[in-house]
Amino acid sequence: MVKILLTGGAGYIGSHTYLALVQAGFDVVIFDNFSNAKEDVPLRLQDLCGHTVDVVKGDVLDRRDIADVFNAHDIDGVVHFAAKKAVGESVEQPLDYIHTNVGGLLNLLAAMDDAGVRRIVFSSSATVYGDTDVQPIPEDHPRAYTSPYAYTKIAGEQILEQLSDDWAVGILRYFNPVGAHQSAMIGEDAEDIPNNLMPYIAKVATGQLEELSVFGDDYATPDGTGVRDYIHVEDLADGHVLSMKSLLETNQSHTVNLGTGEGSSVLDVVGAYAEACGQDLKYKIAPRRDGDVAVLTARPDKAKQELGFEAKRSLSDMCKSSWAWVSGQRRNVK
Ligand code: UFG
């Protein structure tokens, strides 16, 4: 059985990808330091997939931790999620972001090289495109960073591009991942006051937060609010399976956007969520947020051509699954 290592595999996107890989017939090992994942995620994954989940608690900043995983397991490929991901925090702690995201990647690559494992899928982000009017964005658009977080993603891509021909690398540029697993057993564990839109709306829906602030209604968009390309986390997880399969089958590297190609405004999301949870959601118009762009949407064709990837789930599916998760409607989908 082909064995895949998921660094950061207990996190939001990692845990969904774990399930998608298991379903596709892979053997999967999770490596996570649980700095941004709940300790019971492996147990929930175990309930869902019906077998023991291989978990190693360790840190990508600790070379020995990583080397130990490759000594203990016969790994064929790696999906590297383990990284810090908050844009605002990266501005406060740039060195920490560079240390974790770039240093962690370098440690991992060194351990992979020593173990002779040279297939890696890398979590990148639409943030590498910077502030651009070109929408939807094709992959050959120049990269530019607007935050230390974005810098670490560009640096990661560039490091991977320097590797020799015996490496096969999948660079996946995520747009806005939202939603939760259909079982509502795993999902995003949001901060007390979330920075991102859907987790914030979810907390308004559950009554934990009073009202949403809509950051700007004077953008050049149909309703004046910011437009983004939201992608269901289960679709995103499937993208990782296709990326890894492609690396294993072809040994060719690829860089692709993972989005739907469709834009939704903040008010579209509020409306779809209100429908999903069956209640009106309170919001007010607030000033624009620093650093936000009007529109950010993916050109999805390359992922379709090169990997056969196509996002299937709608904005309504994203909101319904998020609501089921935050309101505790657990379902057994075994
Ligand atoms: N928004 C609000 N109110 C909120 C939160 C967000 O109106 O309380 C709006 C934003 O202004 C934006 C949209 O909702 O128009 C989406 O905002 P998010 O914070 O959910 O997502 P972003 O598009 O800003 O950021 C995401 C990822 C980043 C990544 C970035 C660019 O969270 O990691 O996309 O790729 F860097």
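Predicted model: local features only at pLDDT ≥ 70, side-chain atom pairs only at ≥ 80, totals over all residues.

Trainee: OK, the ligand. How many residues surround the ligand?
Mentor: The count is 21. The closest are Leu197, Ser213, Arg228, Arg289 and Asp292.

Trainee: How does that shell split by class?
Mentor: There are 10 nonpolar residues, seven polar ones and four charged ones.

Trainee: Which strand gives the largest share of the shell?
Mentor: Strand β8, residues 212-215, with four residues.

Trainee: Which polar atoms sit by the ligand's oxygens?
Mentor: Take the side chains to start with. Asparagine 176 has a side-chain N or O atom 3.0 Å from a ligand oxygen. Asparagine 196 has a polar side-chain atom 2.9 Å from a ligand oxygen. Phenylalanine 215 uses its backbone: a polar atom there is 2.9 Å from an oxygen of the ligand.

Trainee: And how much of the ligand's accessible area does the protein cover?
Mentor: It covers 89%. On its own, the ligand has 700 Å² of accessible area.

Trainee: New topic: strand β4. Are its faces covered or open?
Mentor: Both faces of β4, residues 77-80, are covered. Gly77 and Val79 are buried on one side. Val78 and His80 are buried on the other.

Trainee: Which strands pair with β4?
Mentor: Strand β1, residues 3-7, runs parallel to β4 and is joined to it by four bridges. Strand β5, residues 119-125, also runs parallel to β4, with three bridges.

Trainee: What does valine 78 face in those strands?
Mentor: Valine 78 is the bridge partner of leucine 5. In β5, valine 78 stands opposite isoleucine 120.

Trainee: What about the β12-β9-β14 sheet?
Mentor: Those three strands form an open sheet in that order, and the pairing is mixed. β12 (264-265) and β14 (295-296) stand at the edges. Each has a single partner strand, so one side of each is left without a neighbour in the sheet.

Trainee: How do β9 and β12 pair?
Mentor: Strand β9, residues 227-228, pairs with β12 in the antiparallel sense, over two bridges. Valine 227 of the chain stands opposite serine 265 in β12.

Trainee: Let's do rings. How many aromatic pairs are there?
Mentor: The count is two. One of them joins tyrosine 129 and phenylalanine 175. Their ring centres are 6.5 Å apart and their planes are at 35°, so that pair is tilted.

Trainee: Are tyrosine 129 and phenylalanine 175 buried or exposed?
Mentor: Tyrosine 129 and phenylalanine 175 are both buried.

Trainee: And tyrosine 145 with tyrosine 151, why is that pair called edge-to-face?
Mentor: Because the planes are at 80°, and over 60 counts as edge-to-face. The ring centres of tyrosine 145 and tyrosine 151 are 5.3 Å apart.

Trainee: How accessible are tyrosine 145 and tyrosine 151?
Mentor: Tyrosine 145 has 52% relative accessibility, so it counts as exposed. Tyrosine 151 has 34%, so it counts as partly exposed.

Trainee: Now single residues. Where is arginine 44?
Mentor: Arginine 44 lies in helix α2, residues 41-49. At 16% relative accessibility, arginine 44 counts as buried, because the cut-off is under 20%.

Trainee: What does the side chain of arginine 44 lie by?
Mentor: One of its polar atoms lies 3.0 Å from the backbone oxygen of methionine 185.

Trainee: What about valine 102?
Mentor: Valine 102 is in helix α5, residues 94-115. Valine 102 is buried, with a relative accessible area of 12%. Lysine 153 is 51 residues from valine 102 along the chain, yet their C-alpha atoms are separated by 8.1 Å.

Trainee: Last one: valine 128. Where is that?
Mentor: Valine 128 lies in the loop between β5 and α6. At 0% relative accessibility, valine 128 counts as buried. Valine 128 and arginine 173 are 45 residues apart in sequence and 8.1 Å apart in space, C-alpha to C-alpha.

Terms used:
Residues numbered from 1 in each chain as written. Heavy atoms only, no water. Near = heavy atom within 4 Å. Polar contact = N/O pair within 3.5 Å; in protein donor to acceptor, adjacent residues only side chain to side chain. Areas by Shrake-Rupley, 256 points an atom, 1.4 Å probe, with all protein chains shown as cover. Nonpolar A, V, L, I, M, F, W, Y, C, P; charged D, E, K, R; others polar. Buried < 20%, exposed > 50% of the residue type's maximum accessible area, 1.4 Å probe, protein only. Pairing = 2+ DSSP bridges. Phe/Tyr/Trp six-rings, centres within 6.5 Å; stacked < 30°, edge-to-face > 60°.
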